[in-house]
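The following note concerns side-chain contacts and surface features.

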Amino acid sequence: MTSKAIRSRKSRLNRRIIREKDRKKRNEFFIFFIILVLISIPILLYLRNRIEYVRYQYEIEELKSRKQILIKNAIYLEAERSYLESPRMIEDQARRDLYLKEQGDGGCLVVVRVHPDNEQGKHLLTESKSQDAEQAAMKAGWN
């Protein structure tokens, strides 16, 4: 018989053989897998904790910068509040926007509201002594 014939005959014989599973290799693989899992669990837990630590560090830095911004805004707003509450500022604004005067000035302010349908649509503001204000109001026909 030739070597080809011998090989083909062996291959036919081997096809009929049922191979048993190698229990030793299977046990070795199982033990290797368990060891791998036992080693990877602490590593994964460490990584998770490290990631949380870094995330919290970023959040702390962001909150610190936000706190600094709020402190600067509070200082600015406190300065603005003290300026707006100062008697000099209140007096200037009352004179400029509300046309008020101190009590001893002796002047009089007449404010006449014109109906919106009126073509002129302006307010009459007259600052003078009380007699002049009454005369101006009478001339305008509002008295």
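This is a predicted model: local features need pLDDT of at least 70, side-chain atom pairs count only at pLDDT 80 or more; totals for chains, interfaces and linings use all residues.

1. An aromatic ring does take part in another kind of contact, as the charged end of R55 sits over the ring of Y56, 5.1 Å from the ring centre.

2. Nonpolar surface: a patch is formed by F29, F30, F32, F33, I34, L36, V37, L38, I41 and L45, which together present about 980 Å² of accessible area. One of these residues, I34, is placed in helix α2 (residues 23–84). I34 counts as partly exposed because its relative accessible area is 35%.

3. Salt bridges: the whole structure contains 6. One of them joins R48 to E52, with the closest N and O atoms 3.1 Å apart. These two residues are 4 residues apart in helix α2, so about one helical turn separates them. R48 is partly exposed at 45% relative accessible area, and E52 is likewise partly exposed at 25%.

4. E78 and R81: this pair also forms a salt bridge, the closest N and O atoms being 3.2 Å apart. Both residues belong to helix α2 and lie 3 residues apart, about one turn of the helix. E78 is partly exposed at 43% relative accessibility, as is R81 at 44%. A network of salt bridges links E78, R81 and E85.

5. Helix α3 (residues 87–97): R88 and D92 are 4 residues apart here, separated by about one helical turn. Their salt bridge has its closest N and O atoms 3.6 Å apart. R88 is exposed, with 55% relative accessible area, whereas D92 is partly exposed at 27%.

Technical notes:
Residues are numbered from 1 along each chain as its sequence is written. Side-chain values use heavy atoms; hydrogens and water are left out. A charge sits over a ring if NZ of Lys or CZ of Arg is within 6 Å of the ring centre and within 35 degrees of the ring normal. Patches are made of residues with over 30% relative accessible area and no salt bridge: like charges are joined within 9 Å, nonpolar side chains (Val, Leu, Ile, Met, Phe, Trp, Tyr) within 5 Å. Accessible areas come from the Shrake-Rupley method with a 1.4 Å probe; for residues, only the protein chains shown count as cover. A salt bridge is a side-chain nitrogen of Lys or Arg within 4 Å of a carboxyl oxygen of Asp or Glu. Buried means under 20% relative accessible area, exposed over 50%, partly exposed in between (1.4 Å probe, protein chains only).
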